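Grab a pencil and have the structure open beside you. Each exercise below comes with a worked solution.

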Amino acid sequence: MISEILQTLPQVLVDGLALGAVYAVVAIGYTMVYGILEFINFAHGEIFMTGAFAGTAALLTLKSAGLLGAMPGWLAYLLAFVIAMLLTGILGIGIERVAYRPLRKAPKLISFISAVGISFLLQDIVRFIADLKTGNFIVTGITLYDSNLKVAASSLWSVFGDAFIKTNTIIVLAAAVVLMIGLDLFVNRTKWGVAMRAVAQDRDTASLMSINVNKVIALTFFIGSALGGGTGVLFAQQYGTIDPYIGFTLGMKAFTAAVLGGIGNIRGAMFGGILIGLIEMLASTNLGILTGGSFGAEYKDVMSFLILIVVLIFKPEGLFGKAIKEKV
Amino acid sequence: MKKWKKGLGAVMVTVLGASLLAGCGSSGKNSSAASGSEGAGGDLTVIKIASQSPLSGSSSAYGESIKLGGQMALEERKDEFKKLGFDLQFVPYDDQGDSKKGVANAELIGADKSVMAVLGHFNSGVSIPSSVVYEKYSIPMVSPGSTATDLTDRKLKSVNRVVARDDFQGPAGAEYAVKTVGAKNIFIIQDQTAYGKGIADSFQNAAKELGANIVGYEGITVGEKDFSGVLNQVLSKKPDFIYFGVLYNEGGLIVKQAREKGIDVPIMGGDGIDSSGMVDVAGDKLTNVAYSSVATDIIKSNKEWADKYHQKFGKNPENYAVYSYDAMNVILNALTKAIDANGGKVPAREKVRDAIRTTTDYQGIATKVSFDDKGDNKYAKVFIYKYDGPQYPGSMISEVEPK
């Protein structure tokens, strides 16, 4: 039993890290908005999905214009990435302006329903457009980096089996790390970052310190959504096929990751995302082996949420969160 | 936290209220639509044949071809019915491959008194719950694609199908896997739907009987994109054959991701991966993948018919189109028989239902049709194909006759 688990471990780690990186970057979007507005932007999973479609559409357009063959693969990748980020970033600002800002003073529940409405709206708009353009809303895009690398983990320790890494897995990991470090520097080292943290701490006082609160909130939505959209492109490249409903489950898991790491805490979201990705992959590979086949890979989602429940019972503020004392 | 809980309650109440209202609204509309259509026939009496298939969603490629195949058969015989004094109409419904939608449509169809029969469904998981509604209204259904055993094993009077059952498709696949390929250790993956689990289980039983060893049996969830977890298990069990009961979206991704992980063993599936969608999803990773299908390769076996279809609709038929065509003809033959028996007037639905069940030795384009007492077609064959590169359809390897 142990030898079977160890044998697949290198491959599980590779797959788990790639999945975790996707969760982590999407989780940042949830956590940033919560940190500032104290409300869960449930449309964020759909923004991720829209990004996946925008990137795929960009690549398909390039191909039909005959430009894809002419440019190097990395340029096309970067172009799709940037287009998707810009589009979803602007989409994020638009959603905030239309659906959330008018409701900022209303009870939290109202904005929550507004967010759920937006997510249905995005699903159906994307579904409609994809169906119209391709005849099927499940779209298979162009995979740019398709080659495989073999990691000879067995030469490290003979118990391990060899793992296969797609070139794209490395791109996903690298892009996620760059995005996360960039964001961390932005929030902690720049003037805008200071403004953001100030608004998160106390919106009214921040506005007294001549911070334009509306601008900061719009910026937060731009960055959070752009990160989500960019990750969508990475996801589409990694798994090849996308549909308008990928955002829901993935958004749920990313939200779980954000809560696990302590909602409102950006580093916590990154850590939570990676953790959830690894747990999910470990569970889906090994549950069947551990339970002698009575629980299979289909129970992997239960594992992530089970861990969330355990963490919430014993450390309700999340792994990295600070307990907030509420004044009565 | 407390505020949240209250909030959730409020959401639930709102949703419940809204759905209640919606329910009332649509049922009101039904009855008015049904009464309206009865008077609208003019001098010809309107007879409608409905079709139910997934026109959107993950199996829309099949659903579309089922609709078009039925439409083609019906339009060819419109004049024949005009002479009998009937205006034959085709009403396609989209069941979205979703049982809730299928049942809702079935209720609509049942309420429309001029609908005499239903062509469909494709997905077994939709056929089974919807057939209960058809039974209630005595509307006969003929499915050109549902293969789950439960569909006909409940012995409903109104349920028929022209294709083979899963418990024939599974064993035919097992025979190919064990006898032709020589598989000893088989890993099974299924998608936890009535179709996927049904076909995987019947394969498993047959393969065990033939002496193969089942090293793993895992479930996946429809709609997932990352199958690394299950495939890592395959890596650790080192099977020499993989069998999966899935549809092409998941199937294509599993094949692609398996090949990317260096899993090169032969893979086999049921008719759910018999679609050009497999090629779109898996691309050039689609090698050494066999599938059993209840459908013949119509473009090769009857070029003339395929050309006619192409001319009419501007695309090549998926294989189910021709079964749908045959099923529609079975329906229409029974309908004319029932009309004759009723002295040229509109027959009762029960009469059409019984006339369909007594169909014997009808020679269709794709298959010969005779229904047994459960509504299964005695002549339904299973075909084994293989993809060896990104090309649909795969090349046919063998035909398996019913025992």
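This is a predicted model: local features need pLDDT of at least 70, side-chain atom pairs count only at pLDDT 80 or more; totals for chains, interfaces and linings use all residues.

Residues are numbered from 1 along each chain as its sequence is written, chains are lettered from A and ligands numbered from 1 in the order in which they are written, and side-chain values use heavy atoms, with hydrogens and water left out.

**Exercise 1.** Work out how H1(A) and H5(A) are oriented to each other.

*Solution.* 
- Start with the helices, which are DSSP runs (H or I, at least four residues; strands are E, at least two), numbered from the N terminus.
- Helix H1 covers residues 2–37 of chain A and helix H5 residues 167–189; their axes lie 9 Å apart at an angle of about 30°.
- Axes are lines fitted to C-alpha atoms, for helices over the stretch in contact, and angles run from 0 to 180 degrees between N-to-C directions.
- Angles under 35 degrees count as roughly parallel, over 145 as roughly antiparallel, 65 to 115 as roughly perpendicular and the rest as oblique.
- So H1(A) and H5(A) are roughly parallel.
- The residues in this contact of H1(A) with H5(A) split into 15 nonpolar, 1 polar and no charged. Here Ala, Val, Leu, Ile, Met, Phe, Trp, Tyr, Cys and Pro count as nonpolar, Asp, Glu, Lys and Arg as charged, and the others, Gly among them, as polar.

**Exercise 2.** Is A:Gly273 buried or exposed?

*Solution.* 
- Find A:Gly273 in helix H10 (residues 266–290) of chain A.
- Its relative accessible area is 0%, so A:Gly273 is buried (under 20%; exposed is over 50%, partly exposed in between, with a 1.4 Å probe and protein chains only).
- Beyond four places in sequence, A:Gly273 contacts (heavy atoms within 4.5 Å) A:Gly20, A:Tyr23, A:Ala24 and A:Ala257.

**Exercise 3.** What share of the residues in chain B is buried?

*Solution.* 
- Chain B has 15 helices and 14 strands.
- Of its 403 residues, 57% are buried.
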